[in-house]
Amino acid sequence: MKKFTLIILLITFVGVRSQAQVTNRNAVQATAKMVKFFPNPATTFINFEFQKIQEKTYSLQVFNFLGKKILDLTELTPRTQVNLTNYTRGVYIFQLKDKTGKVVESGKFQIEK
């Protein structure tokens, strides 16, 4: 009887664990990236491609590694190119914000010169 109970508990545990893995996989898929950017590292320009974006409802901000805002774009198109000729070499952080100012997505890119 103890072996039977142990087997039932083991089967239940494995079933719950596999269900949790499926739920976690679905959660990762639900938070798909809205921004693709390339090339990275960049030299003279960087392209931002926005998935499922409505114009004038999002803004893109770029900060240097010290936190100083370098760029603030409010009129975005599905593919936006940023000229980097006046930027210095280093790591930069971008934030995509919705119309309320909430950060929807962020990331970092590198400039090499």
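I take two strands as paired if DSSP finds at least two bridges between them. Helices (H or I, at least four residues) and strands (E, at least two) are DSSP runs, which I number from the N terminus.

**Entry 1: the model.** I am working on a predicted model, where local features need pLDDT of at least 70, side-chain atom pairs count only at pLDDT 80 or more, and totals for chains, interfaces and linings use all residues. Residues are numbered from 1 along each chain as its sequence is written, and side-chain values use heavy atoms, with hydrogens and water left out.

**Entry 2: the chain.** Of the 113 residues, 26% count as buried (buried is under 20% relative accessible area, exposed over 50%, partly exposed in between; 1.4 Å probe, protein chains only).

Entry 3: I looked up the strand order and found an open sheet of four strands, 4-3-6-7, with antiparallel pairing. Strand 4 (69-73) and strand 7 are the edges; each has a single partner strand, so one side of each has no neighbour in the sheet. The twist averages 20° from one strand to the next (axes are lines fitted to C-alpha atoms, and angles run from 0 to 180 degrees between N-to-C directions).

I then went through the pairs.
- Strand 3 and strand 4 pair over four bridges, and glutamine 61 stands opposite aspartate 72 in strand 4.
- Strand 3 (residues 58-64) and strand 6 (residues 90-98) pair over seven bridges; tyrosine 58 has aspartate 98 in strand 6 as its bridge partner.
- Strand 6 and strand 7 (residues 103-111) pair over eight bridges; isoleucine 93 has lysine 108 in strand 7 as its bridge partner.

Strands 6 and 7 form a hairpin with four residues between them, and glycine 101 in the turn has a positive phi of about 95°.

**Entry 4: a surface patch.** I checked isoleucine 93 again, in strand 6. At 30% relative accessibility it is partly exposed. With Phe65 and Val91, Ile93 makes a nonpolar surface patch of about 260 Å². Patches are made of residues with over 30% relative accessible area and no salt bridge, like charges being joined within 9 Å and nonpolar side chains (Val, Leu, Ile, Met, Phe, Trp, Tyr) within 5 Å. Areas come from the Shrake-Rupley method with a 1.4 Å probe, and for residues only the protein chains shown count as cover.

**Entry 5: salt bridges.** I count two, a salt bridge being a side-chain nitrogen of Lys or Arg within 4 Å of a carboxyl oxygen of Asp or Glu. One joins arginine 79 and glutamate 49 (3.8 Å, N to O). Arginine 79 lies in strand 5 (residues 79-83) and glutamate 49 in strand 2, so the pair ties together parts 30 residues apart in sequence. Arginine 79 is partly exposed at 46%, as is glutamate 49 at 23%. Aspartate 72 and lysine 69 also meet in a salt bridge (3.9 Å, N to O); aspartate 72 is partly exposed at 39% and lysine 69 at 43%.

**Entry 6: cis peptides.** Most peptide bonds are trans. I noted a cis bond between phenylalanine 38 and proline 39, with omega about -10°. The bond from asparagine 40 to proline 41 is cis too, with omega near 10°. Proline 39 is in the loop between strand 1 (35-38) and strand 2 (45-50), and proline 41 is in the loop between strand 1 and strand 2.
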